[in-house]
Amino acid sequence: MKLTADVYVTTSKLAALKHCFDAEIQSMQTPRSTVVVHTTKDTIHFAVAAKDSTALRATLHTITKLLTVFEKAAEDNNEQ
C-alpha cells in the first residue's frame, strides 16, 4: 500500500525554516518513505510518500518535531 501526506506551513520566516530543514531532509529519505520539499513566496510544502503507515507516521513525526523546535526558537527570539 502506498500512503501520501501533504503538510503546508505558512510563515514570514520561510528562509530560516527552509534552512533548518535543508540540514535534515537527506536523513528523512529512507527505503520506506521519502519527502520532497517545495517552497513558494511564504509557504513550505512537504510531500511525504510512504510504503506503510508506520513509516508515514515516523516521517510526519520528524517534520512536526522540527516545526515545534523552530516555533519555540522563534518565540524565544521574539521575547528578547
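Predicted model: local features only at pLDDT ≥ 70, side-chain atom pairs only at ≥ 80, totals over all residues.
1. Three strands make up an open sheet, and along it they follow the order β1-β3-β2 with antiparallel pairing. The edge positions belong to β1 (3–10) and β2 (33–39), each of which pairs on one side only. Averaged over the sheet, and with direction ignored, neighbouring strands are turned by 15 degrees against each other.

2. The pairing of β2 with β3. Strand β3, which covers residues 43–50, runs antiparallel to β2 and is joined to that strand by 7 bridges. To locate this pairing in the model, a reader may look for Thr 39, which stands opposite Ile 44 in β3.

3. Helix α1 on the sheet. Helix α1, made of residues 14–24, packs on the sheet and touches β1, β2 and β3, while its direction makes about 30 degrees with that of β3.

4. Leu 14 and its contacts. Why does Leu 14 count as buried? Its relative accessibility is 10%, and buried means under 20%, so Leu 14 falls in that class. Leaving aside residues up to four places away in sequence, Leu 14 touches Thr 39, Thr 40, Lys 41, Asp 42, Thr 43 and Ile 44. With Lys 41 the separation along the chain is 27 residues, whereas the C-alpha atoms of Leu 14 and Lys 41 are separated by 8.1 Å.

5. Met 28, a buried loop residue. Met 28 is found in the loop between α1 and β2, and at 5% relative accessibility this residue counts as buried. Which residues does Met 28 touch, not counting those up to four places away in sequence? They are Ser 33, Val 35, Thr 59, Thr 62 and Ile 63. Thr 10, by contrast, is 18 residues from Met 28 in sequence, and the C-alpha atoms of Met 28 and Thr 10 are 21 Å apart in space.

6. Side chains of opposite charge can pair when their charged atoms come close, and the structure holds 2 salt bridges. One of them is formed by Lys 18 with Asp 22, with the closest N and O atoms 3.2 Å apart. Because Lys 18 and Asp 22 are 4 residues apart in helix α1, about one helical turn separates them. Lys 18 counts as partly exposed at 32% relative accessibility, and Asp 22 likewise counts as partly exposed, at 44%.

7. The salt bridge between two loops. The side chains of Asp 52 and Arg 32 also meet in a salt bridge, at 2.8 Å from N to O. Asp 52 lies in the loop between β3 and α2 (53–79) and Arg 32 in the loop between α1 and β2, so this pair ties together parts that are 20 residues apart in sequence. Asp 52 is partly exposed, with a relative accessible area of 25%, and Arg 32 is partly exposed as well, with a relative accessible area of 41%.

Definitions and conventions: Residues numbered from 1 in each chain as written. Heavy atoms only, no water. Pairing = 2+ DSSP bridges. Axes fitted to C-alpha atoms, helices over the stretch in contact; angles between N-to-C directions. Contact = heavy atoms within 4.5 Å. Buried < 20%, exposed > 50% of the residue type's maximum accessible area, 1.4 Å probe, protein only. Salt bridge = Lys/Arg side-chain N within 4 Å of Asp/Glu carboxyl O.
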